[in-house]
Amino acid sequence: VRSGAIDSARKYMEEMRERGIAPNVVTMTAWLKGVCDSDDLSEGRALLYSMNSGGVEVNARTLNTFLRGCVRLGEVEHAVEAYDHFRAKGVKADRSTIEYVVRLLVGALRLKEARKIVHRVANKDAGRNAALYLLLAQGLAVVDKVDEARIHLQRSQGLLEEEVPATGTPSTDLFLKHRQKELCREAEVLAEVLSSGSPRKPVLKAVLSRHLFFRQTDARNLSEEEVLSELSRTGLAGLGPKGRGLVLRRVGRSCTKDGVVRVRKLLASDALPIKVEICSGAGDWIVNHAKRDEGRSCWVALELRHDRCIQIARRAVWSQTSNLLVVGGDAAAIVPSRLPRSLATHVYINFPEPVAWHQDEGVTGDHLLTPEFLGHVSGILVPGGRVYIVSDNKGYLITLAYSLNSLVGIYRECRGKGGVPIVLGVPSGADAGLSGDFGESYFD
């Protein structure tokens with residue numbers, strides 16, 4: 001499961017059943033993780049609900065495994081349903097359980113429900129989680145409930161001032177310290193937003209009109225029902241009836257009959273250059289550069305995870321950025337089939353590799369930047385367009401350079417004697433297409 005060999009894991013599970021070996025909760029939870037890492041949660045949901053009847057007692061870790069899959073895909077309804085169901089069955093929710101459900105509800109701007117859960121656990125151990133109050137404050141800030149947002153932000157900051165308790169496991173301790181550092185940074189950003197006094201709710205309508213998310217199960221052209229379902233996961237509840245209607249009309253006409261995104265129509269620009277970032281993460285980098293480029297160029301953020309797409313959209317709301325389109329889903333499917341040809345002057349891929357790349361020099365697992373995918377990236381570039389791949393792993397960059405050099409006739413550098421260049425530093429200057437400094441890396 002951890003290596004992504006789901007088909008092999010499935011065979012082992014079937015063999016266990018054939019031999020009459022009953023899997024325990026640890027085995028079933030590991031299998032559930034593998035299933036939930038796919039792009040369709042229907043099998044994972046069916047597996048979760050079948051466990052008790054099959055003699056396996058669901059615990060908080062099992063439930064959290066399913067909820068993580070919900071967070072990744074934005075499946076707020078499935079998450080709330082599972083939380084309520086297993087809570088009624090006596091499963092004791094822990095900090096992670098509550099955080100996952102609240103994260104999804106806040107992402108959908110279903111703030112009344114999120115508030116209710118946070119208040120229910122406020123005096124319990126699950127309520128001593130700074131992330132809960134920060135999430136709620138972020139959602140409230142989007143809909144201009146500034147005073148209430150400040151109250152929850154202060155509660156979050158108070159908890160963040162407490163020392164992170166040691167667990168005795170170095171890797172876990174490192175993760176918790178890093179997480180606290182990230183939460184502190186997010187709290188500082190939100191404090192600045194709340195102190196600015198500028199209303200954000202009017203911007204939400206425009207940002208949601210430039211927000212799409214594709215699942216592998218989606219048809220080529222999204223139906224009205226699919227559009228409505230996705231927008232309900234993204235924050236449609238934060239708008240009034242008129243705003244909802246406007247967003248639905250705009251997003252409902254976002255694709256051609258062939259399923260290609262009408263990028264320029266969504267960005268309301270026929271002439272400005274378009275730049276694309278693949279693997280945009282939480283959006284710090286692209287929102288900063290898009291804001292600098294307003295009136296000069298437009299930007300498109302591609303990101304796999306639904307929760308990160310929400311983060312990008314929130315940052316666009318807070319910064320009142322008007323030239324950014326968020327397209328969520330698997331870039332391996334979106335780039336070749338969902339984006340127009342000859343779209344972008346520049347494509348940026350910043351620190352795309354998973355952490356596992358840093359553990360050895362070789363490339364041993366599945367990854368996005370295959371020769372086939374890099375060939376598809378060339379298709380969305382205008383003639384003379386540029387691709388920049390930034391990484392702190394030299395071995396990985398060398399591997400990618402070899403991949404690019406195999407694409408003879410696609411990239412200009414592939415025809416030269418020197419091949420694709422690897423340069424120390426970060427993109428800069430006019431050719432890089434950036435109107436300011438590259439900016440700090442998330443990994444610095």
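I started with a definition: a salt bridge is a side-chain nitrogen of Lys or Arg within 4 Å of a carboxyl oxygen of Asp or Glu. I found that the structure holds 24 salt bridges.

**Entry 1: ground rules.** I am working on a predicted model, where local features need pLDDT of at least 70, side-chain atom pairs count only at pLDDT 80 or more, and totals for chains, interfaces and linings use all residues. Residues are numbered from 1 along each chain as its sequence is written, and side-chain values use heavy atoms, with hydrogens and water left out.

**Entry 2: confidence.** I looked up pLDDT, the predictor's confidence in each residue, from 0 to 100. The protein has a mean pLDDT of 89, and 93% of its residues reach 70 or more. Over residues 357-364, pLDDT stays under 50. For residues 357-364 the model has 13 contacts beyond four places in sequence; a contact means heavy atoms within 4.5 Å.

**Entry 3: Arg 45 and Glu 81.** I noted that side chains of opposite charge can pair when their charged atoms come close. Arg 45 and Glu 81 meet through their side chains in a salt bridge, 2.8 Å from N to O. Why does the pair tie together separate parts? Arg 45 lies in helix H3 (residues 42-50) and Glu 81 in helix H5 (residues 76-88), so the bridge joins parts that are 36 residues apart in sequence. Helices here are DSSP runs (H or I, at least four residues), strands are runs of E (at least two), and both are numbered from the N terminus. Next I checked accessibility: buried means under 20% relative accessible area, exposed over 50%, and partly exposed in between (1.4 Å probe, protein chains only). Arg 45 is partly exposed at 29%. Glu 81 is partly exposed at 34%.

**Entry 4: Glu 230 and Arg 215.** The side chains of Glu 230 and Arg 215 form a salt bridge of 3.0 Å, N to O. This pair links distant parts of the chain, 15 residues apart: Glu 230 sits in helix H12 (residues 224-234), and Arg 215 in the loop between strand E1 (211-213) and H12. Are they buried or exposed? Glu 230 is buried, with a relative accessible area of 7%. Arg 215 is buried too, at 10%.

**Entry 5: Arg 305 and Asp 307.** I found another salt bridge between the side chains of Arg 305 and Asp 307, at 3.0 Å, N to O. Arg 305 counts as partly exposed at 25% relative accessibility. Asp 307 is buried, with 15%. I also saw one network, in which salt bridges that share partners join Glu 75, Arg 215, Glu 230 and Arg 233.

**Entry 6: strand E5.** I turned to strand E5 (residues 344-350). Of its 7 residues, 6 are buried, so E5 is largely enclosed by the rest of the structure. Which strands pair with E5? Strand E2 (residues 274-278) runs parallel to E5, joined by 4 bridges. Strand E6 (residues 381-390) pairs with E5 in the parallel sense over 6 bridges. Pairing requires that DSSP finds at least two bridges between two strands. Tyr 348 in E5 is the bridge partner of Glu 277, and Tyr 388 in E6 is the bridge partner of Tyr 348.

**Entry 7: Arg 150.** I located Arg 150 in helix H9 (residues 146-160). Arg 150 is partly exposed, at 35%. Leaving aside neighbours within four places in sequence, Arg 150 is in contact with Leu 194 and Ser 195. Its C-alpha atom is separated by 9.2 Å from that of Leu 190, 40 residues apart along the chain.
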